[in-house]
Structure formats: C-alpha cells, structure tokens
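The structure is shown first.

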Amino acid sequence: MSTVPISFANAVEAWHLPSRGKVAMAGLILAESAIFTIFVVAYLFYLGKSLTGPTPREVLEPPIFYTICLLSSSLTIHFAAKSLQRDHRRLFLGLWLLTIALGGSFLYGTVQEWRRLIYDHGLTISTNLFGTTYYSLVGLHAFHVTAGLAMLLTVAVLGLYGRVGVSRSGHIEVLSMYWHFVDAVWVVVFTVVYVLGR
Amino acid sequence: MSMLKMKYSTLRRLTQTALLLSWSAMPGWASELNGSSPHGTNIFAPASTPARSIADLSVFVLVIAGIIFIVVFSLLVYCVAKFRGRATDAGREPAQVYGSTQIEVAWTIIPILIVVVLFLATARVIHAIQDVPEPAGAVQVIVIGHQYWWEFRYPKLGIVTANELHIPVSDPNHPTPTFLQLLSADTDHSFWVPELAGKTDLIPNHPNRMWIDPQRTGVFVGQCAQYCGTQHAKMLLRVSVDGQAEFAAWVRTQQKTALEEAGAVAGKRVFESNACMNCHTVAGTSANGRFGPDLTHLMSRTTIAAGVAENTRANLRLWIQDPSLTKPGSLMPAMKLSDADLDAVVSYMETLR
Amino acid sequence: MSANAITVSGAQIEAKPWVDELHQWLTTIDHKRLGILYILSSLMFLVFGGVEALIIRIQLMHSHSHFVSPEVFNRMFTMHGTTMIFFVAMPILFGFANYLVPLMIGARDMAFPRLNAFSFWLSFLGGLLLYFSFVGGSGLYGAGNAPDVGWWSYAPLGARAFSPGHSSDYWTLALLVSGFGSIGTAINIIATIISLRCPGMKLSRMPLLVWLNFVMAGMVLLAITPLSAAQIMLLIDRYLGGHFFDTQAGGSAVLWMHFFWIFGHPEVYVLIIPCFAFMSEIIPVFSRKPIFGYPVMVAATVCIAFVSMSVWAHHMFTIGMNSYANSFFTLTTMAVGVPTGIKIFNWIGTMWGGRILFKTPMLFSIGFLFQFLIAGLTGIMMACAPFDWQLSLSYFVVAHFHYVIVGGILFALFAAFYYWYPKMTGRMLSENLGKWHFWLFLIGFHLTFDVMHIPGLLGMPRRIYTYEPGRGWDSLNLVISIGAFIQAAAIIVFVANLILSYFKGAMAGSDPWDAWTLEWSTSSPPPAYNFVTVPTVASRRPLWDQKHPDDPDSRYE
C-alpha cells in the first residue's frame with residue numbers, strides 16, 4: 001500500500017486559484033523591476049557628476065515619436081489579447097503584427113539615436129559617467145524590448161500557421177503582461193533620462 | 001533616579017574593569033614584547049575619548065545582551081529539563097495549546113522597549129563622536145592609504161612621512177586632539193588603532209574624517225582593516241603619542257630637508273640614477289616621487305615596509321634588493337642593483353635621519 | 001487499506017542499467033529528484049568550501065606561518081565565502097524547498113517542472129564555472145587563478161586596474177548565472193504556492209514551512225536582482241570601458257557597497273528563513289504540540305522580510321556615512337531583532353508543556369535555538385554603530401556570522417536531514433551515528449566560534465593571511481583551528497551516516513515520526529506522482545485530524 005489518501009467529506013466546493021502563468025510573470029516583473037531600479041538609481045546618482053564630456057542637456061533629444069509607437073503597442077497588444085479571447089483570430093493576428101511593427105520601430109528609433117550620439121557627439125559608454133549610465137539603462141531596456149519582440153515574433157509565426165487559438169489566450173495574456181511591463185519601464189526611463197536628467 | 005544612575009554607573013565600571021582585566025591579561029601570556037613595548041589592540045583598553053565612549057557604550061550593550069541571554073537561556077534549559085518526554089507517557093499527547101495573545105503582546109512590547117533604550121543610548125554616542133567640530137588648536141593630518149603603506153601629511157606643519165604617525169598627547173583639561181582626513185590613492189583601506197578610536201575607512205573619491213585625543217603617551221599599534229589586496233595583512237600602523245615637548249622636537253626634525261653627508265654621495269648617485277626618485281621623495285634633493293613613501297627621514301622610523309620588518313641595515317638591504325622577498329605582492333619592484341650599488345644606496349638611506 | 005491504493009505484487013521488476021538510471025537523473029523534471037540533486041551538489045561544494053576553510057585555519061594556527069602564500073590565502077577566503085553562500089547554502093535550501101513544498105501543499109509537482117530543472121542546472125553550472133577558475137583564471141597562461149577579491153568584490157578592488165586577468169570575471173559570471181537560476185526557482189516556488197494548493201488549503205492552513213519558503217522566494221526576487229544589476233555594471237566597467245565604479249572618473253566605490261549590501265543583507269535572511277521553516281516543523285513534532293502562535297509566526301516572518309530590506313548599511317558603518325544615516329541604520333537593525341526574537345520565544349512556547357523527544361532532529365533544533373539566540377545578541381551588539389566601529393571588519397564579525405550560518409543554518413539543516421531523510425530514501429538515519437555527529441560538531445563548533453569572538457575584541461582584523469606575534473592572538477587562533485578539525489571529523493561521521501543508512505538503515509515507513517503534515521501521508525520515498533488522489537484538507541495539521549477524528553484541529557483554528 002503506497003499512500004493513504006486524505007480527504008474530508010465536507011470538502012471545499014469551489015476551489016479556484018490564480019493562474020500559475022500570471023503569478024510567475026508577476027514574479028518575473030517584480031524581479032526585473034528591482035534590476036531596473038538599481039540602474040535608475042545609478043543614473044540619478046551620477047547626474048551632474050561626470051568630470052568631462054558631453055552632458056545630457058547638450059546631446060539628448062526626447063524620442064517623442066518612438067515613445068508614442070512603443071506606448072501604442074501596449075494598446076494594440078491589449079486589443080489583440082482581447083480579440084483572441086473572443087476567438088477573432090484574424091483580428092488577433094493583425095493587431096499582434098501591428099504590435100511587433102510598433103515595437104520594432106521603437107528599436108529602430110533607439111538605434112538611430114545611438115548612432116547620432118556616437119558619431120555626431122562622440123558619446124560612448126566609456127566617455128564619461130553620463131555615457132556609462134545612459135547606454136546601460138537605455139540599453140538594458142532595449143534588450144528587454146528585443147527579448148519581448150523575439151517572443152512576439154515566435155507567437156506570430158505560430159499564429160500564421162494557425163496554431164494559436166482561444167485555448168492559448170492565457171499564454172497570450174501572460175506575454176502581454178510582460179510587454180506592458182516593458183512599456184511601463186520605458187515611461188520611467190523616459191522620465192528619468194529625458195525629463196528629470198536634462 | 002539618581003540612586004539608580006549611581007548603582008548603574010558602578011555596575012558599569014565594575015564590568016568594565018573585569019573585562020579590562022581579563023582581556024588585557026591576554027596579550028601578556030602569548031607574546032614576546034620587545035624593547036619599547038607598545039600598547040595592545042584591546043578595544044576595552046581605550047586611551048582616547050572616541051575609544052572610551054565606544055568602550056563605555058559597549059559595556060552597556062553587553063550587559064543588556066547578557067541579561068537577555070540569561071533570561072532566555074534559563075527558559076530554554078528549564079523547558080528542556082521539565083518537559084522531557086518520559087517512557088510513562090508514551091502514546092498520550094500533551095495538551096495541544098495553539099497560542100496566547102497576552103503572552104505574544106508581552107514578549108513583543110518588552111523587546112521594543114529594550115530597542116528604544118539601546119537606540120537612544122547609541123544615537124547619543126554616534127553624535128558625540130561624529131559631529132564634533134574641529135577646534136582651533138587641533139593637529140591636522142592627512143592620511144592617504146596606498147597598497148600597502150600609509151602616507152601621512154601634516155599640511156600646517158609642512159611634514160610628510162609614512163607608516164608611523166607621531167601625534168601629541170592630549171591633556172583633558174587642555175585638549176590638543178588630532179583630526180585626520182582620510183583619503184586613498186588606490187583602493188579601499190581602513191584606519192584601525194583599537195585603543196585610540198573605532199575604525200574609519202579610506203575610500204578613493206570619498207574623503208572621510210576622524211579624530212583622536214590620546215591621553216597616554218606611548219606607542220599604539222593597529223593595522224589596515226579593509227581588505228585591499230595581497231599584502232593587506234602587512235599594512236601595519238604605529239602611532240607614537242609623544243609628550244608635547246617630544247612632539248615639538250619630532251616636528252622640528254621632520255621639517256628639515258635631508259642632510260648632505262660626504263660618505264653618502266655614491267649612494268645618492270645610485271638612488272638618483274636608478275628610477276628611485278620617480279617613486280620616492282627626499283626633501284631638498286631632486287627626488288620628488290609621490291608613488292612610494294617619503295624617505296627624507298627614513299631612519300626616524302622604527303620599522304620599514306609598513307611594519308613588516310625592523311628598520312635595520314640588513315632588513316633595508318634585503319628590502320631594496322627584492323621587496324617581494326619580505327612582502328610578496330608589494331608594488332615596489334626589485335631594482336636589480338649590483339652588490340656594490342646596493343651597499344652604497346643603503347648607506348645613503350642610513351643618512352636620512 | 002483504501003480502495004484507491006495501488007499495489008503491485010508478485011511482478012518481477014528488473015533492475016535498470018545504470019546508464020538509464022543516470023540518464024533519468026540528468027533529465028529529470030521531478031521536483032523530488034531535483035531537490036535531491038540540489039542537496040547532493042551542495043554537499044559536494046560543502047566539501048570544497050570546507051577544505052578551503054581548513055587551509056585558512058592551518059595557515060592561521062601560528063603567527064607568521066608560511067603554510068600558504070598570501071596570494072593563495074586570499075583566494076581561499078574568497079572562494080570559501082562565495083562557495084558556502086552561493087553554492088552550498090542557497091542551493092541546499094532550494095533543494096529542500098523543492099522537495100517539500102509540493103508535497104506539503106498536496107500538489108503533484110512544482111508549477112513549472114522544466115523551469116525547475118533549468119534553474120538547477122544553471123545553479124550547478126555556476127558552481128562549476130567558479131571552480132574552473134582554479135584552472136583557467138589566467139586565460140592562456142594556464143596557471144589558474146581563482147578570484148581573490150573577497151566574496152564582496154568591493155570596488156575598486158574588482159576593477160580591471162586592481163584585478164587584471166580573468167579571476168574576478170569567474171566570480172562575476174558564476175554568480176550572475178546561478179543568480180538567474182535562483183530567480184527561476186523563486187518564481188517557481190511562488191507560483192506553486194499560490195496556484196497549486198490542494199482543495200481546502202487556504203493560505204491560513206499552509207504549513208509554516210510553505211509560508212516561510214513563500215516569503216523567502218519573494219525576498220530572493222528583490223534581493224538577488226540588485227546583485228545581478230551590480231555585476232552587470234561591473235562587467236560593463238571591466239569590458240566596455242564603463243565607469244560605474246571607476247573612482248578616477250568620478251565614480252563611486254560606495255555605490256557598489258550600497259548595491260552589494262542591498263543584496264547582501266536580505267540574502268542572509270533568505271538563508272535563515274527556510275531554517276526557521278525547518279524549526280517550525282520539527283520542534284512541534286518532537287514536542288508533541290502544535291506550533292505556538294501560528295499567525296504571529298507568519299506575521300513576524302513577513303515583518304522580518306520587510307524590515308530586513310531597510311538595514312543594509314549596517315555593513316557600512318565604517319565607510320563614513322553621516323551621523324543621521326548611522327543612527328537610522330542602527331535603529332532599523334535593532335528593530336529587526338524584535339520579530340526575530342518573537343520567533344525564538346514562540347519555539348520555546350511550543351516546547352513548553354510538551355513532551356520533548358530527544359531524537360537527533362530535536363538535538364540539532366535545541367542547538368539551533370541556543371546558538372541562534374547568541375548570534376542574534378552579537379548582532380544587536382554590532383547594530384550599535386559605535387560598537388561596530390570597533391567590531392566591524394574584525395574576527396568578531398566573522399565569529400558572529402559563522403555563529404548564524406554554522407550554529408544556526410547548518411544545525412537547522414542537520415535537523416532537516418535527520419527528519420526528512422527517511423521520507424526521501426525510505427530509511428532511517430542511524431540515531432547512534434547521529435548523536436556522535438551532534439556532540440562532535442557541537443564541541444568543535446563552540447571551540448572554534450565561541451573563542452573566535454575574542455581576537456576580534458583584541459583588534460584582529462579579518463582577511464589577513466598572517467598576524468603579528470605580539471598581539472595576543474596566537475593561542476586563540478590555535479584553539480580556533482583545532483575546533484575546525486573537530487567539526488571536519490563530525491562532517492565525516494555525518495556523511496558516513498548518510499551513506500551507510502542508505503543501505504543498512506531501518507525501514508522508515510510513511511510516517512516514522514508520527515507527524516502531521518501531508519508529506520507523511522505518502523510512502524517513503526513518495527511515488528513520482530506524490531498522491532494517488534489530490535488530498536483535501538480542513539486544518540493546518542491534516543494528519544492530526546485523521547489520527548484524532550474525535551479532536552480535530554479544525555475545531556480550534
């Protein structure tokens with residue numbers, strides 16, 4: 001005899017617990033928030049402390065257009081997830097691809113900005129404290145956008161081959177939580193770097 | 001209230017004496033003290049106000065911790081003894097008690113009160129030590145930590161020396177404290193002479209400040225307390241607390257430039273042609289390097305290489321020949337001098353009194 | 001005999017070829033096997049870290065000893081600390097959590113079994129990477145250089161300028177990699193506890209071990225990540241020319257300290273809280289009473305988790321913070337002692353009025369209580385900033401934290417081993433060898449770590465490869481070193497017990513201790529699926545309710 005089952009006649013009727021995917025993603029978001037917080041603290045601490053080299057005010061131009069792109073992609077992914085819940089696969093796929101396009105354009109904007117900073121202003125990660133903290137913080141965020149885009153692309157491919165249906169809406173919701181997080185981080189980074197820091 | 005205070009301060013003094021006696025006995029039984037036996041490194045043998053404030057507070061904290069220990073430990077021992085399971089009650093479970101709100105409240109409130117008392121006593125000492133303004137007559141020393149030696153500069157007196165700090169004794173009625181500014185040329189260090197003060201770190205790009213007012217003359221020893229690399233263990237400190245007259249005499253000697261002695265000309269030439277002057281300063285000559293210790297009055301020091309060896313001809317010769325034989329990891333390179341050059345330069349060093 | 005039980009009788013079960021067995025272990029995603037893998041790998045690193053400790057102690061037996069060079073000594077203490085914290089303590093606690101949490105909540109596995117396996121192998125790889133430094137640290141020169149920057153790698157010592165070559169990078173990368181493994185496991189634990197509890201197991205009915213691992217996992221998410229961030233910054237400094245901690249470029253060495261200790265202090269609570277969990281399961285069973293004050297124990301732990309995030313700069317009292325900062329951290333550090341003390345009182349309250357059985361798990365638990373009390377008190381002493389200006393960076397601190405880690409954490413772990421080994425293997429550990437292990441280790445521990453406080457009070461700093469003979473530290477260090485060898489002997493007895501009992505130990509049955517949580521309702525070892533049917537529970541001690549149907553806990557909760 002291997003196990004003695006434990007059960008009680010007056011067992012609980014409805015036993016619903018939160019979805020493990022959402023809990024796990026919430027945990028990941030918590031952990032990542034801590035990492036970003038440390039980079040933001042370093043950025044704020046070193047404001048005005050560079051001994052030489054370009055200052056934020058001299059070289060930074062707020063990327064308004066690309067920010068709008070990224071933040072709108074949160075809207076599109078939200079509606080994409082909603083469409084999938086209602087089994088509107090075509091709409092889901094369309095909105096999903098739009099999200100990828102918007103996210104991709106944000107990355108393009110980052111690349112353009114970095115090109116300008118490096119070639120026109122001579123600001124690199126090793127130039128001074130501003131360079132180090134700027135490229136690290138914005139770069140860390142861009143890395144997370146890239147990772148997110150990779151996951152979104154995977155889902156897009158699976159979706160184009162008809163593998164993403166209503167049954168997957170839980171997974172899509174979890175992924176969109178991550179994407180919303182990436183956008184929320186950008187709001188903070190934008191404020192710290194382009195508003196407070198200049 | 002004053003009765004309590006009196007009893008408490010007597011208790012404190014008694015405990016302090018007991019600790020002092022037991023701890024200060026320790027350096028005696030294990031060591032061989034040479035000639036001018038320096039004081040020990042016992043945090044309960046304070047010779048300066050900061051160290052004394054710390055020692056007094058520490059005794060208070062120790063007593064409270066001791067009382068807590070005795071109470072809880074007794075409860076534990078009693079429990080273990082009284083509630084031992086005996087063979088006779090096998091099979092019967094004791095009363096299943098789940099908790100008690102009153103007890104929980106009691107043993108929450110009492111620790112909170114203890115924390116409040118400890119914190120207030122502590123905060124007072126923190127401010128008393130850290131927020132002291134620098135008085136007009138204080139001796140000022142800038143301490144610069146290096147891998148693996150100490151640079152001491154007295155800006156108002158125009159003195160630069162290394163590893164052995166001389167300061168005047170401070171009469172409590174007429175205090176002449178020494179205020180130290182702590183800087184670092186490379187990585188983190190920590191200035192710790194236990195009988196004079198608690199330790200304060202030397203961190204590059206982060207100047208720190210500490211003060212001592214030693215009330216006894218003598219030599220106080222200590223060493224670097226923040227791991228700084230290979231020879232962290234051998235970054236020793238000697239603080240010579242001199243009477244006012246001796247200190248003034250020491251200052252006058254240190255302020256002089258190096259003497260020119262006939263017998264040392266050959267050695268001086270070796271010194272000046274072998275890159276020694278790139279790292280070392282000898283005041284009054286063309287040697288003005290800042291990377292290594294100032295050698296102008298090398299012979300006035302008891303030890304070399306931050307306390308690693310006695311300042312003797314043989315040790316000095318070995319050091320210059322190859323520092324890594326005495327202190328592997330030291331940043332001074334072996335100068336690869338011939339025997340003749342080595343002897344000459346050591347003779348020159350011996351003139352730097 | 002329930003109708004739901006599955007019996008296999010009379011069938012011939014062929015022994016698997018060892019390669020297949022090995023393959024199963026290497027590819028397992030079963031939380032129980034992964035738990036055992038964590039525990040075994042930790043024991044291996046325990047031996048490495050222990051050898052490093054013995055080398056340190058041999059070198060320090062006498063002043064001016066030449067047993068090892070200063071370079072080797074500095075590598076030894078760096079590797080000893082790094083190994084013990086990251087590759088012994090954390091993984092072994094994750095291992096026990098992995099094994100026990102699903103069983104205790106009536107689940108079949110962790111929420112994400114594949115993530116679980118991935119996290120384990122990341123951790124293990126990190127450990128191997130760290131030790132590869134002995135061989136590969138200098139790159140092509142092959143001479144090997146383990147990191148020698150201390151386990152904190154303070155700036156600027158960890159910078160390229162002061163740590164050339166790759167030894168420091170092994171430290172950084174090994175911890176970064178295993179740090180991601182830890183985050184994965186923490187996420188898994190949280191998701192498992194929230195989403196996979198069996199019907200009836202409300203949060204207020206979870207065993208304390210589950211609660212405390214839940215809190216620990218939450219802390220891991222917030223504590224490990226600052227270290228990961230700081231290490232990424234260090235790598236940027238070392239490889240991309242960054243200036244995060246470059247004091248020559250205006251960077252701050254103190255910033256590294258803040259980041260490191262924002263990790264470092266909660267980390268030690270991450271280590272101790274699962275040990276509180278063990279105590280909260282073991283002490284009640286061996287006192288034959290429920291835990292005293294369950295809700296207070298939960299509240300105190302949550303309180304500790306929050307307050308411990310505000311105390312970190314008590315590791316930095318000597319760096320020259322102003323008096324207000326020093327006072328603040330004194331206050332918070334003393335404050336965190338309150339909920340911690342409450343827990344000790346509750347354990348004693350559990351034993352009070354009970355019927356205490358002095359089996360080996362309980363011996364180690366009582367040792368824990370005694371030693372953790374002392375460790376907490378020396379902690380309060382160092383919370384007092386001026387006292388800490390003398391005690392910090394000396395052997396007093398080393399004595400304090402070893403008192404917590406060896407006298408507290410390791411004793412609790414030993415108790416956990418003796419308590420749950422029967423469940424994991426089906427065999428009892430030898431009580432006789434257990435008692436030898438306990439008493440030998442107790443004597444060795446106290447000889448070393450009680451005495452170790454004294455050189456600290458007498459001015460002996462830490463991390464020194466040798467010391468001057470005139471300072472009165474010689475005989476003390478000799479005694480300390482002797483104690484280390486006695487502890488080593490005790491560990492040998494322990495390992496012998498683990499191995500011998502595996503083959504010769506008495507059969508345990510499913511519930512050898514007459515305990516009350518769900519893991520004791522399964523066979524020993526449990527089947528891969530844990531439970532034939534998912535249990536439903538109505539109280540904190542489901543097996544007590546089952547054994548005492550006339551007086552179930554559900555009536556009193």
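How many bridges join S6(B) to strand S9 (residues 218-224) of chain B, and do they run parallel or antiparallel? Two bridges join these strands, and the sense is antiparallel. The model is a predicted one.

Strand S6 of chain B covers residues 189-192. One of its faces carries B:His189 and B:Phe191, while the other carries B:Ser190 and B:Trp192. These residues are all buried, and both faces of the strand are therefore covered, a residue being buried if 20 or more other C-beta atoms lie within 10 Å of its own.

On the S9(B) side, B:Trp192 is placed opposite B:Gln223. S6(B) also pairs with strand S7 (residues 200-202) of chain B, antiparallel and over three bridges. Within that pairing, B:His189 has B:Leu202 as its bridge partner, and B:Phe191 has B:Thr200.

## The sheet of chain B

The strands above belong to an open sheet of five, ordered S4-S10-S9-S6-S7 in chain B, with mixed pairing. At its edges stand strand S4 (164-168) and S7 of chain B; each has a single partner strand, so one side of each has no neighbour in the sheet. Ignoring direction, neighbouring strands of the sheet are turned against each other by 25° on average.

Helix H4 (residues 244-255) of chain B packs on this sheet, where it touches S4 and strand S10 (236-242) of chain B. The direction of H4(B) makes about 130° with that of S4(B).

## Contacts between chains

Two pairs of chains touch, and the pair with the most contacts is chains B and C. Here 82 residues of chain B are in contact with 79 residues of chain C. On the chain B side, two or more residues come from each of helix H1 (2-30), helix H2 (49-82), helix H3 (101-130), S6, S7 and S9. H3(B) gives the most, with 16 residues. By class, this side of chain B has 45 nonpolar, 28 polar and nine charged residues.

Between chains A and C, 37 residues of chain A are in contact with 52 residues of chain C. Helix H1 (20-45) and helix H5 (129-160) of chain A each supply at least two residues of the chain A side, and H1(A) gives the most, with 13 residues. The chain A side divides into 24 nonpolar, 11 polar and two charged residues. Chain A and chain B are joined by no contact, and their closest C-alpha atoms lie 12 Å apart.

## Helices of chain C

The axes of helix H3 (residues 70-104) and helix H12 (residues 395-425) of chain C come within 12 Å and cross at roughly 35°. The crossing of H3(C) and H12(C) is left-handed. H3(C) contributes C:Ala89, C:Ile92, C:Phe96 and C:Tyr99 to the contact, and H12(C) contributes C:Ile405, C:Ile409, C:Leu413, C:Ala416 and C:Met424. The residues of this contact divide into nine nonpolar, no polar and no charged. Residues three or four places apart on an α-helix point the same way, because the helix has 3.6 residues a turn.

Why can helix H10 (residues 360-383) of chain C be described as largely enclosed by the rest of the structure? Of the 24 residues of H10(C), 24 are buried. At 1.5 Å a residue, H10(C) should span 34 Å, and its end C-alpha atoms are 34 Å apart, which agrees.

Methods. Residues numbered from 1 in each chain as written. Chains lettered and ligands numbered in written order. Predicted model: local features only at pLDDT ≥ 70, side-chain atom pairs only at ≥ 80, totals over all residues. Buried ≥ 20, exposed ≤ 12 C-beta atoms within 10 Å, placed from the backbone. Helix = DSSP H or I, 4+ residues; strand = E, 2+ residues; numbered from the N terminus. Pairing = 2+ DSSP bridges. Contact = placed C-beta atoms within 7 Å. Nonpolar A, V, L, I, M, F, W, Y, C, P; charged D, E, K, R; others polar. Expected span 1.5 Å × (residues − 1). Axes fitted to C-alpha atoms, helices over the stretch in contact; angles between N-to-C directions. Left-handed = near helix turned anticlockwise from the far one by under 90°.
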